Amino acid sequence: MRELALHILDLLQNSAEAGALRVELGVEEDPENDILRISVGDDGRGMDEATVRRVLDPFYTTRKTRHVGLGLPLLAAAARRCGGKVEIESAPGVGTKVSADFRRSNIDRAPLGDLPQTLAIFLAGHPGLRLVYRHRVGPRDLTFDSDEVSARLGAVGFDHPLVADWVKGYLSEGLLNLQKG
Amino acid sequence: MKSLKELDQIREKALEMTRVRQGQGLVKIVVGLGTCGIAAGARDVMAAILDELSKRGLTSVTVSQTGCVGLCDQEPLVDVIKAGEPRVTYGRVTPEVARKIIAQHVINHQVLGEWVIATKEA
Ligand SMILES: Nc1ncnc2c1ncn2[C@@H]1O[C@H](COP(=O)(O)OP(=O)(O)O)[C@@H](O)[C@H]1O
Ligand SMILES: [Mg+2]
C-alpha cells in the first residue's frame, strides 16, 4: 500500500468486521529512537492462539469469498521491509491488538499519508462505533475521541457528508499543529 | 482554529438538509472497503462520493461500506441501489468515475454502461 494510512484503514476494518464497539488507534512517532509504531486495539470477538499464529500466513482467512487473507501479511511484509515487525495479541471474546513497528527513517517506509481523510471515511462507514485515536510525535500528542463528537451531533451521524468533511478538517489541523510543534 | 463547538452548527445544518429531503427518492450507495478495495483506491473513491454529495447538498443518498465480496480484481467496487430499479455494480471505479456516477446515475437516472460489471433485479 502506498500509505501507512491505508494499512491503518485495513486494520480498522478488521476490527469492525470482528464486531468491535470500541477501537483504539495509536500512532507513535519517536524520532529519537527512529521508530514509528502503529497499534489498533479492539474489543471484538478476538482469535485463539492457533489462529493468531496462522494469521500472518497469506493463505489463511476465515472469509468465504476468497481463499487467501491479505491484509495482515501485507502489513507484516511492509514492516519487515523497513526493519520492523508486526505483533498480534488476542483473546477470544476479549479483543485483539495489532502493533506494527517501522524504522521511521527507512527509505522503504511508506509515508503516513492522509490519515484525516482515512479516519473520516472509516467513521462514516461505522457510525455506531467508538474510535479513540492518539497520535504522539516526540513529547507532544493529540487525542480524538469520536464519542465527544457524537455527543454534540445528537441524531446526526458520522455518515453525513458535512460531518465527514468536518472530521477531515479538524484532524488535518490537529496533525499540522502536532507536526510543527 | 477548528473546535468541537462548530459541531453545533453542523448538526443544525444537517438536520435542516434532512428536513428538505422529502420528495427525493432514497438511494443507497455501497463501497467495497476490504483489503483489495483499499489497495485499489477505494478510500479516495468513497471520499469523492461524500464530497460530491456534500457539494450538491444531496441528503437522499446514504453511503455504506462492505468488505470483500470475492471480485478482488474488479475493485474498487461501487453499488448503486435505487428503489424499484436493478442494483447496479460498477467496477474499477476511480474518484472521477465516482463523481460521474453521482451526476449521471444517481441524479439523472443514466447508468454509466461502460463501467458496469453486474446488474441484479431488485
Ligand atoms: N481485529 C481482529 N479481530 C478478530 N479477528 C481478526 C482481526 N483481524 C484479523 N482477524 C482474523 O484474521 C483473518 C485474516 O485477516 P486479514 O489478513 O486482514 O485478511 P482478511 O480480512 O481479508 O480475511 C480474518 O479473516 C479474521 O478471521
Ligand atoms: Mg482484513
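What does B:Lys2 count as, and at what relative accessibility?

A: B:Lys2 counts as partly exposed, at 28% relative accessibility. Buried means under 20% relative accessible area, exposed means over 50%, and partly exposed lies in between (1.4 Å probe, protein chains only). The model is predicted, so local features need pLDDT of at least 70 and side-chain atom pairs count only at pLDDT 80 or more, while totals for chains, interfaces and linings use all residues. Residues are numbered from 1 along each chain as its sequence is written, chains are lettered from A and ligands numbered from 1 in the order in which they are written, and side-chain values use heavy atoms, with hydrogens and water left out.

B:Lys2 has a charged partner. It forms a salt bridge with B:Glu6, with 3.6 Å between the closest N and O atoms. The rule asks for a side-chain nitrogen of Lys or Arg within 4 Å of a carboxyl oxygen of Asp or Glu. B:Glu6 is also partly exposed, with a relative accessible area of 23%. Elsewhere in chain B, salt bridges that share partners join B:Asp51, B:Glu52, B:Lys55, B:Arg56 and B:Arg99 into one network. Over all chains the count comes to 21 salt bridges.

Now the chain around B:Lys2. Chain B has four helices and five strands. From the N terminus on, they run α-β-α-α-β-β-β-α-β. Helices (H or I, at least four residues) and strands (E, at least two) are DSSP runs, numbered from the N terminus. Along the principal axes, the C-alpha atoms of chain B fill a box of roughly 45 × 35 × 20 Å. Chain B has 122 residues, and 44% of them count as buried. Contact means heavy atoms within 4.5 Å. Take the contacts in chain B between residues at least 6 apart in sequence: 65% of them join residues at least 24 apart.

Next, the outside of chain B. Its accessible surface comes to about 6000 Å², and 52% of that belongs to carbon and sulfur atoms. Accessible areas come from the Shrake-Rupley method with a 1.4 Å probe; for residues, only the protein chains shown count as cover. B:Val69, B:Leu71 and B:Ile117 form a nonpolar patch on the surface, with about 210 Å² accessible together. Patches take residues with over 30% relative accessible area and no salt bridge, joining like charges within 9 Å and nonpolar side chains (Val, Leu, Ile, Met, Phe, Trp, Tyr) within 5 Å. B:Leu71 sits in the loop between β2 (61-66) and β3 (78-82) of chain B. B:Leu71 is partly exposed, with a relative accessible area of 35%.

Then the contact with chain A. Here 34 residues of chain B meet 39 residues of chain A. The size of an interface is often given as the accessible area lost when the parts come together. Between chain B and chain A the buried area is about 3200 Å², and carbon and sulfur atoms give 66% of it. Buried area is the accessible area (1.4 Å probe) that two parts lose on being put together, summed over both.

The rule finds two salt bridges across this interface. A:Glu3 and B:Arg43 form a salt bridge, with the closest N and O atoms 2.8 Å apart. On the side of chain B that touches chain A, α1 (6-19), α2 (35-40), α3 (42-56) and β2 each supply at least two residues. The largest share of that side, nine residues, comes from α1(B).

Helix α2 of chain B holds B:Thr35. B:Thr35 is buried, with a relative accessible area of 9%. Leaving out residues up to four places away in sequence, B:Thr35 touches A:Met1, A:Asp10, A:Leu70, A:Gly71 and A:Leu74.

Last, chain A. A:Arg104 and A:Glu29 meet in a salt bridge (3.2 Å, N to O). A:Arg104 lies in the loop between β4 (95-103) and α4 (115-125) of chain A and A:Glu29 in strand β1 (residues 22-30), so the pair ties together parts 75 residues apart in sequence. A:Arg104 is partly exposed at 24%, whereas A:Glu29 is buried at 6%.
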